Amino acid sequence: LSKMQYLLITQSRVAELPASVVTGWQALVEARFMSLFNLQRVAPEFFLLPRLQKVDLFGAPYCDSVSEEALQSSGVEVGCPGPVATCPGLPEWLLGEMQLLVEEA
């Protein structure tokens, strides 16, 4: 994992990205977290990884708990639009299907 440059996690029950895990990802350049409806906490150390340039956190409750200033202060491009339920154009039936898949995992 120490040489990993790209990370994609989708529809997972991950609730936290602790410092003990993320500090091992020193080569990481880009991370995409899609439909992580349980992600509540991301260690600040994650955004300070030396090569990290871009992070997408679509659908993570974490986006509601962190200020935009905090995200911008790291210098990393962060896509953190808020809960999927507020995304314009996302049909409610699709949101429901995605949430069910995560809950059943």
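## Working through a predicted fold

Of the 25 residues in the largest nonpolar core, Trp25, Leu28, Phe33, Phe46, Leu57 and Tyr62 touch the most other members. A nonpolar core here is a set of buried Ala, Val, Leu, Ile, Met, Phe, Trp, Tyr and Cys residues joined through side-chain atoms within 4.5 Å. This is a predicted model, where local features need pLDDT of at least 70 and side-chain atom pairs count only at pLDDT 80 or more, while totals for chains, interfaces and linings use all residues. Residues are numbered from 1 along each chain as its sequence is written, and side-chain values use heavy atoms, with hydrogens and water left out.

**Exercise 1.** Find which elements give two or more residues to this core.

*Solution.* Start with the elements: helices (H or I, at least four residues) and strands (E, at least two) are DSSP runs, numbered from the N terminus. Then pick out the contributors, which are strand 3 (30–34), strand 5 and helix 2.

**Exercise 2.** Decide whether phenylalanine 47, serine 35 and glutamine 11 are buried or partly exposed.

*Solution.* Buried means under 20% relative accessible area, exposed over 50%, partly exposed in between (1.4 Å probe, protein chains only). Phenylalanine 47 has 7%, so it's buried. Serine 35 is buried too, at 6%; its phi is positive, about 60°, though it isn't a glycine. Glutamine 11 has 31%, so it's partly exposed, and its phi is positive as well, near 45°.

**Exercise 3.** Work out the strand order of the open sheet and which strands stand at its edges.

*Solution.* Two strands pair if DSSP finds at least two bridges between them. The four strands run in the order 1-3-5-6, with parallel pairing. Strand 1 and strand 6 (77–79) stand at the edges; each has a single partner strand, so one side of each lacks a neighbour in the sheet. Inside the sheet, five bridges join strand 3 to strand 5.
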